[in-house]
Structure formats: C-alpha cells, structure tokens
Amino acid sequence: MSLNVFYEVIKRGVLYFQVIFVSTDEEVIGGVPKKSTIPQEHLAETAATLTTEHPHYATLAGRIEVDRIHKLTAKSFSDVMDSLYDPGRARSLHVGFMRHVHANASRLDGAIVHGRDFDLDYFGVRTLCKSYLSTQNGRIIERPQHMFMRVALAIHNGDIEKTIETYDLMSKRVFIHASPTLFNAGFRNGQLASCFLLPLDCSSVGSTYNTIRTCALITSGAGGIGLSVHNASASGTYDDNTGVTSSGIVPLMRVFNESIRHVDQGTNKRPGAMTIYLEPWHLDIMAFLDLRKNHGNVELRARALFYALWMPDIFMRRVEADEMWTLFCPSSVPLLSQTYGEEFETHYNTYELSNVRKKALPARDIWARIVQCQVETGMPFILYKDAANRKSNHKHLGTLTSSNLCTEIMQHASHEETAVCNLASIALPHFVLSDGNFDYTNLHKVTKVVVRNLNNVIDIGSYPTAEARLSSHNHRAIGVGVQGLFDTFARMELPVESTAAATLNANIFETIYHGALEASCELAAESGTYTSWQDSPTASGVLQPDMWGVQPSNLWNWDTLRMNIANHGLRNSLLTAVMPTASTSQIFGLSEGIEIPISNMYTRRVISGDFQVVSPALVSALSTRGLWNASIKQQLFEERGSIQCIDEIPIEIRNIFKTAWEISQKTVIDLAAARAPFICQSQSMSIHIASPTMESMSSMHFHAWKSGLKTGMYYLRTQPAAFPIAFTVEGHEVVQLLAFRPYDPPVR
C-alpha cells in the first residue's frame with residue numbers, strides 16, 4: 001500500500017474494514033490478480049511499524065484497531081454495564097452504580113461520542129486494551145468511551161450533569177484520573193486511591209507481619225506504597241520487642257520483596273510496587289544501599305522493591321564539610337525518626353556524645369556508596385526530610401517519615417493512620433491556543449473540576465484497611481498533577497532552557513494551585529472543612545508560597561482567595577502533586593508528567609512487540625517548514641534520536657527539541673524549584689546524566705538540596721557505555737535505542 005493511500009485515508013477519516021494487498025508475485029486468474037484479505041489486527045500493526053515515516057501512521061493504526069474493538073463490543077453503554085454486573089462474580093459492578101445506569105440509560109447512552117475513540121493513537125489504544133478496559137472471560141467488552149463514562153458516573157454518584165461534564169473532558173483528553181480509579185470505578189469494593197504511606201510497625205513480630213499484610217492488601221487493589229523502616233532494629237543488635245538479636249533490615253526487606261512478588265502473580269492489572277524509605281543514620285545503611293544491585297549474594301538482595309533515602313540537612317552539611325557521621329540502631333535513638341530540623345539535630349548531637357553511639361565513619365564514605373548505587377541501579381531516590389516537613393500543611397500532625405512509591409506525595413502517616421492520596425493529571429497541551437498563547441483561564445476552570453472529582457473519589461472509594469479510610473476522610477488529601485509539559489513547550493516552540501519556558505512553567509503551576517485552592521474553599525463552604533483543618537498552617541493563613549518565601553504573580557487574585565479561605569477554610573489538606581503519569585500519558589499520547597523526552601525517536605512497547613516512533617511534535621515542526629524527508633529521518637536514526645548535529649535543521653528547532661541528555665540538569669532543577677512554591681506536596685523529578693561522575697552527581701544533588709526541593713531526585717537515568725549501530729536494510733529501518741539502564745519505573 002502506497003504512502004499516499006495511507007495519508008488519504010487519514011485525511012478523509014476513512015476506516016478500512018477490509019484491506020486488500022496484492023503480493024509482489026501476483027497470481028493471475030483470468031487476467032485479474034488474486035486478492036487476499038489481511039486481518040485488521042495485522043493491518044494495524046503494519047501501520048504502526050511505519051510510524052517512523054510519519055506519526056499519522058500511529059493515528060491510522062489506532063483507528064484500525066479501534067474499529068476492530070468496536071466490532072467486538074456492544075455500542076450501548078448501559079448494555080455493556082449490564083454485562084459487567086453479576087453479583088455472583090468476585091469482580092462485579094456495584095448495585096448502587098447499576099441503579100444510576102438504569103435510571104439514566106438513555107441519557108448516558110446518548111451522551112457518548114464513540115467517534116472520539118478514533119482520536120487515540122495505536123499505542124494509547126493498545127495500552128487501554130492491555131490494562132484498563134474491562135473484560136469478561138478474557139475478552140474485552142468495554143470500549144474506551146464506555147470506560148470514561150463508567151469512571152465519570154461512579155465519581156459523581158448519579159449526578160448526571162456532572163457525570164457528562166467529566167466524561168466530555170476525559171474523552172476529549174483534557175484530563176484523566178489515575179490508573180486505580182480507571183481500573184476500579186463503579187466496581188464493588190473498588191479501591192480508587194493511588195498512593196499509600198505507612199511506617200513499619202515493629203513493636204512485635206505480629207505487628208511486623210501485620211504491616212506486611214496491610215501492604216499486600218493495598219497492592220492487590222493497585223495501590224502504590226511508601227514504607228518507612230527507620231525504626232527497624234539493626235543487624236546484630238538486641239531487639240527489646242522480640243527479646244532476641246535482630247537479623248536487621250536485609251532479611252526483613254526480602255520478606256516484603258517476596259510478598260510483593262506474590263501479590264503481583266494474581267489478577268492485578270499492574271505489578272505491585274513499594275518504595276522503602278530509610279534515614280542515613282541507620283546502622284544498616286550500607287546493606288540497605290546494596291539491596292537493589294544486580295550482582296552480589298542473592299541472599300542480600302531484594303530487587304522487586306524500590307529504595308529511597310530520607311535525608312536530614314545535617315547529613316548533607318557533613319558531607320559537604322567532609323566531617324564524620326555516626327550510625328545508630330533505632331531502638332537506642334527513638335527520637336531521631338520522630339523529629340526534624342533543629343530539634344532533630346539537637347537529639348542527633350546528644351546521641352553522638354552518649355554511650356549509645358554505635359559506629360562512626362566519614363560522611364563521604366556513605367555518600368560515595370549512595371552515588372555508586374545510583375549509577376548502577378538508578379536509585380536510591382533522594383528526598384530531603386527537613387524541607388518536606390518545614391513546607392508541609394501536615395506539620396501539625398507530626399513528623400513526616402516518608403513519601404510514596406514515586407516520591408511526589410508528602411503526608412503524615414502513623415500506625416493509626418495510613419496516609420492516602422487520590423490522583424489525576426491535566427493534559428497541558430490542550431490549553432495551547434491556535435494563536436500560540438496559553439489559556440490559563442480554561443486551565444483554572446478545568447482544575448476546579450478535577451478537584452471536585454478527586455474530592456468525590458475520597459467518599460466513594462473502598463479502602464484496604466480502617467487506618468487508610470480514617471486518614472483519607474480526616475485529611476482528604478488529593479493530588480492534581482499534569483502531563484505533557486514538554487509537549488506544551490514544543491507546541492509553543494519554546495526551548496526548555498528559555499526564559500519564556502521558565503515563565504510558562506511557573507504560571508501553569510500557579511494557576512493550578514490557585515484553582516485547586518479556590519475549588520477546595522468552595523467545597524468547604526458547602527460541606528465543611530476537613531477534620532484536621534483547625535491547627536493546620538493554612539488555617540493560620542500560611543499557603544505553600546509563604547513556606548517558600550515566594551510572592552505569587554499578578555496572574556490571579558490571591559488576596560480575595562486568602563480572605564475566602566480565612567472565612568470558609570479548605571475541604572482538602574493537600575491539593576497538588578506532580579506524579580510520573582507513565583501509563584496514562586501513553587493513553588493520551590503525551591510526554592510523561594514534567595519529564596523531558598530522552599530522545600526524539602523512542603520505543604513504544606505493546607503486547608505484539610516494540611515499535612519505533614519519531615516525535616510527532618518534531619515531525620510537525622519539520623513538516624511545516626518542508627524539512628521532513630528521508631535524509632533527515634536517516635540522520636535521526638544515525639544520531640540515536642538527537643537532532644543537534646543535523647545541519648539542515650534550523651538552530652531554533654534544534655533548541656526546542658533538545659533531549660533530556662542535552663539539557664543542563666541545573667535547568668531541570670531550577671524549573672522544579674520555580675514550580676515548587678505552587679505544589680503543596682512534591683514532584684517526581686528524574687535526573688538524566690549520560691556519563692555520571694562523583695563530581696557531576698554531587699553538584700546536581702547539592703544544587704537540588706540548596707534549592708529547597710522536597711524531592712531531590714526520583715530516578716537517575718544514565719546512558720550505556722556503548723550503543724548498537726543504527727543502520728538500514730533495503731529501506732527498512734532497524735534501530736535499537738538503549739536510553740535507560742535495565743530497570744523500569746513503577747507505572748502510574
């Protein structure tokens with residue numbers, strides 16, 4: 001099939017229900033070539049393999065695949081929901097949800113626009129098929145539009161006007177709820193929350209295993225976990241709780257490791273995932289750092305878990321000054337995990353001088369091991385304990401002891417309350433206007449819709465434990481995030497390193513935070529404040545910019561908002577967080593969260609295999625200028641997705657489409673610091689250093705710390721020492737892009 005035919009199909013919006021190919025060796029019957037019918041799934045894959053020719057092939061492949069799905073599924077939303085309702089099955093729609101379906105069947109069926117499915121590209125459709133669309137007996141019975149309507153109806157609990165508003169926004173790809181909500185909304189016992197934070201309870205053997213049980217229950221419902229283990233007894237020390245000598249953190253982590261792997265073997269739609277948090281004064285810190293390594297004694301490894309350090313400022317200062325650092329068993333220093341800032345440092349210095357001192361070594365020895373492990377495995381993630389606590393609207397509840405799975409949630413958790421957060425992400429490119437400007441007014445409006453949605457999710461969702469339900473209802477924390485920030489820069493033709501991009505970055509997040517606060521204030525006026533509002537910083541008029549010492553711009557009326565908050569309070573203790581959006585961005589075909597792409601040519605992975613894709617934004621920019629041709633494409637392959645050495649491409653385009661490897665990581669950190677005063681939780685910020693050294697890594701970490709970030713680094717991305725050769729064979733491109741080391745991030 002010729003390129004012109006494919007383009008014509010796209011231009012006209014025509015779908016192939018049956019496509020005829022004529023083989024090279026034509027078998028002629030009566031002077032007419034014999035024709036053979038190609039199954040649609042094969043045709044879709046064929047179109048997908050041609051996406052390096054033009055991104056429109058992904059659109060065509062998606063339309064073919066959607067047409068195939070539509071043929072296999074019923075059109076009526078209410079009929080499909082009836083098929084999913086069976087009280088005798090473990091996974092069935094909730095009876096209350098079905099009452100809303102039946103009471104409003106004609107209105108809901110009529111509101112669905114099935115043609116919007118055809119706006120999804122092939123990789124978004126395949127992502128939905130693999131993990132999101134509901135199935136019955138192994139067969140997909142739900143269309144993408146059905147899923148969006150199911151989620152909207154469940155969230156709004158029978159309010160049809162709000163249901164259709166949410167459906168329209170999601171189906172038009174303006175925003176999307178996080179994966180657990182997409183999976184489980186409307187279903188009986190549906191766990192809709194994404195993030196759970198809890199401390200290890202090691203007061204007894206039974207309590208420790210109860211923590212393991214809690215984590216298994218959370219994981220089985222598609223929740224991600226952040227677990228702090230600062231209080232776990234160190235290896236070789238006497239444990240007062242058990243009356244025996246402790247075996248330390250490593251065997252304990254192996255138990256959690258196998259638990260996560262076991263739950264993952266069930267029917268969950270995504271792998272179980274857990275990040276373990278430890279402060280660097282723990283006596284087992286060195287063994288902890290080695291747990292993820294791909295070499296060494298397997299008995300000392302737990303590779304299914306993720307690892308993070310909860311760094312106090314005093315440790316960073318001692319590394320910088322090349323001073324000694326003391327390690328303790330937590331049973332001897334109980335106040336360290338319960339305090340932060342000056343109070344923590346007072347206790348730490350006192351413990352150092354007391355007889356509980358266990359081991360002293362140069363702080364830089366630990367720092368060197370941290371950097372080495374990050375280069376080898378991409379982790380531990382780095383989070384700054386004092387910044388997280390000082391700039392928290394939960395500081396009145398107690399000391400924060402960890403973040404979540406992906407390092408963007410900052411909440412107080414205890415043995416009585418398992419912290420919970422519900423997430424959604426706004427697709428920023430939607431707000432780029434045809435004249436090249438950004439529509440802040442509409443972003444503000446959509447943010448308010450998202451806040452109301454997430455606030456409803458708190459009430460309709462099921463919770464794995466009573467502790468999780470208590471925390472969620474008491475504090476009502478939510479996380480409004482984004483996806484496609486880089487796509488927005490590209491669409492507006494703004495280089496990431498430009499002043500204009502920096503201004504847009506700050507204005508976007510100021511708008512989202514202001515809109516979120518305004519919506520939560522309106523909700524408080526309607527339904528009252530959250531339970532723990534009274535003693536919170538916001539109750540005293542302290543908002544996130546105040547904690548950073550930042551004065552907001554004149555883009556929004558902050559004085560009126562502050563006055564309204566003083567009068568009515570807030571319905572939600574926390575409102576904004578920047579999550580990775582790995583899976584939901586793929587549904588919408590956008591760049592992940594705030595991430596800069598690692599290449600202008602990358603791999604999309606679906607069930608049938610891996611497909612190479614060229615950046616649609618780059619192809620669009622080049623096509624507009626008449627520059628997208630075979631020569632440019634070949635050079636793009638040879639340069640492994642970089643355009644910086646392709647002289648035919650104008651310098652202004654090269655500046656816009658720099659990859660993550662080609663942008664100063666100082667710029668990445670500075671952008672994070674500029675948006676941080678408007679993010680009341682935190683942000684999953686990965687760092688990309690092609691060839692890391694101790695000097696470059698230390699410079700990056702210390703800049704993030706001194707910038708006041710709560711999350712100093714999510715993943716460290718590095719490039720391999722050598723790349724395979726990119727080459728062409730008879731006009732068919734064959735290329736491998738090894739952009740990451742062999743570990744995968746947890747999905748969102």
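The legends below describe close-up views of cysteines and salt bridges in a predicted model. Residues are numbered from 1 along each chain as its sequence is written. Because the model is predicted, local features need pLDDT of at least 70 and side-chain atom pairs count only at pLDDT 80 or more, while totals for chains, interfaces and linings use all residues, and side-chain values use heavy atoms, with hydrogens and water left out.

**View A. Cys202 and Cys406, with their closest cysteine sulfurs.**
A disulfide is taken to be a pair of cysteine sulfur atoms within 2.5 Å, and by this rule the count comes to 0 disulfides. For Cys202 the closest cysteine sulfur belongs to Cys329, and because the distance is 9.4 Å, the two are too far apart for a bond. The sulfur of Cys406 lies 6.9 Å from that of Cys195, its closest cysteine sulfur, which is likewise too far for a bond. Cys202 is buried, with a relative accessible area of 16%, and Cys406 is also buried, at 0%; here buried means under 20% relative accessible area, exposed means over 50%, and partly exposed covers what lies in between (1.4 Å probe, protein chains only).

**View B. The salt bridge of Arg89 and Asp86.**
Side chains of opposite charge can pair when their charged atoms come close. A salt bridge is counted when a side-chain nitrogen of Lys or Arg is within 4 Å of a carboxyl oxygen of Asp or Glu, and the structure holds 27 salt bridges. In one of them, Arg89 meets Asp86 with an N to O distance of 3.5 Å. Arg89 is partly exposed, with a relative accessible area of 27%, and Asp86 is partly exposed too, at 31%.

**View C. The salt bridge of Glu522 and Arg452.**
The side chains of Glu522 and Arg452 meet at 4.0 Å, N to O. This pair links distant parts of the chain, with Glu522 in helix H21 (residues 499-527) and Arg452 in helix H18 (residues 440-460), 70 residues apart; helices (H or I, at least four residues) and strands (E, at least two) are DSSP runs, numbered from the N terminus. Glu522 is partly exposed at 30%, as is Arg452 at 24%.

**View D. The salt bridge of Arg476 and Asp459.**
The closest N and O atoms of Arg476 and Asp459 are 3.0 Å apart. Arg476 sits in the loop between helix H19 (466-475) and strand E18 (478-483), whereas Asp459 belongs to helix H18, 17 residues apart. Arg476 is buried, with a relative accessible area of 3%, whereas Asp459 is partly exposed, at 40%.

**View E. A network of salt bridges.**
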